[in-house]
Amino acid sequence: TIAFSATGIVSGGFPHHRAGDNRPGQMAYQSAEDFAEVTRRLAAAPAAYRILSVHQGIERQVQADATAIRKLRHEAVLGHGVDLVAAHHAHVVQGIEQVNGKLIFYGLGNFMHPGMQNMASFGSCQDYGLFARIHLASDEAGHMRARAVEVIPLTDMHYRAKRMDASPAAERVAILN
């Protein structure tokens, strides 16, 4: 069984999108209370593997900020045992971290963003998206763990996403490493 949860940015201009006691809505990443509730519920879910999708980050910043590291690494993974964090929002790929066998993708960049700006002119740290494939295996106790991780750099996310050619893809993976 795989458990999945998500939280996102509820911008100041749209506070009515945030869930309230008598109002459905989104749990806000920037709210300490909401983030704790999402990760606590995910930790309590009966599952062999737990995935958290997080809409967070500063647009076009290629390094995870201190808040993301604290919340995603220390709260979600180390504090609540989330197995995989897949974050997105910055439109560029950010770091990947393995902590005690659990994975954090701080930013996957764009997978598809039709009609938007072609990122190809932004240089090798900002010009691609990342498709990730996680291969899972069960341990003796029945918990799932990441056995292998594949990352596939993408290009043309603004039009029709496709695999980046081998040589530039290898360069992006080397930078990411």
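**Entry 1: Elements of the chain**

I note at the outset that helices and strands are here DSSP runs, a helix having at least four residues and a strand at least two, numbered from the N terminus. The model I am examining is predicted. I counted 3 helices and 8 strands in the protein chain. Read from the N terminus on, I found the order of elements to be β-α-β-α-β-β-β-β-β-β-α.

**Entry 2: Overall dimensions**

I looked up the radius of gyration of the protein chain, which is 17 Å. The globule rule gives 16 Å for 177 residues, a close value, so I record the chain as being as compact as a globular protein of that length. Along the principal axes, the C-alpha atoms fill a box of roughly 50 × 45 × 25 Å. I noted an accessible surface of about 9600 Å², with 52% of this area belonging to carbon and sulfur atoms. Of the 177 residues, 38% are buried.

Which side chains of β1 are buried? In this strand, residues 2–7, I saw that Ala3, Ser5 and Thr7 point to one face and are buried. I then traced the pairing of β1 with strand β2 (residues 49–56), which is parallel and has 6 bridges. Within β2, Arg50 is the bridge partner of Ala3.

**Entry 3: The nonpolar cores**

I turned next to the largest nonpolar core, which has 19 residues. Phe35, Leu52, Val54, Leu72, Val85 and Ile104 touch the most other members. I found that α1 (32–44), β2, α2 (66–80) and β3 (84–89) each supply at least two of its residues. The largest share, 4 residues, comes from α2. I selected Leu52 and listed its contacts beyond four places in sequence; among them are Ser5, Phe35, Val38, Ala76 and Val85. A second, separate core has 13 residues, including Ile51, Val93, Leu103 and Phe105.

**Entry 4: The sheet of β6, β7 and β8**

I recorded an open sheet of 3 strands, ordered β6-β7-β8 and paired antiparallel. Why is one side of β6 and of β8 left without a neighbour in the sheet? Strands β6 (129–138) and β8 (162–163) stand at the edges, and each has a single partner strand, so one side of each has no neighbour there. Strand β7 (residues 144–155) is joined to β8 by 2 bridges. I located Thr155 opposite Lys162 in β8.

Technical notes. Residues numbered from 1 in each chain as written. Predicted model: local features only at pLDDT ≥ 70, side-chain atom pairs only at ≥ 80, totals over all residues. Heavy atoms only, no water. Buried < 20%, exposed > 50% of the residue type's maximum accessible area, 1.4 Å probe, protein only. Pairing = 2+ DSSP bridges. Core = buried A, V, L, I, M, F, W, Y, C linked by side-chain atoms within 4.5 Å. Contact = heavy atoms within 4.5 Å. Rg over C-alpha atoms; globule rule 2.2 N^0.38 Å. Areas by Shrake-Rupley, 256 points an atom, 1.4 Å probe, with all protein chains shown as cover.
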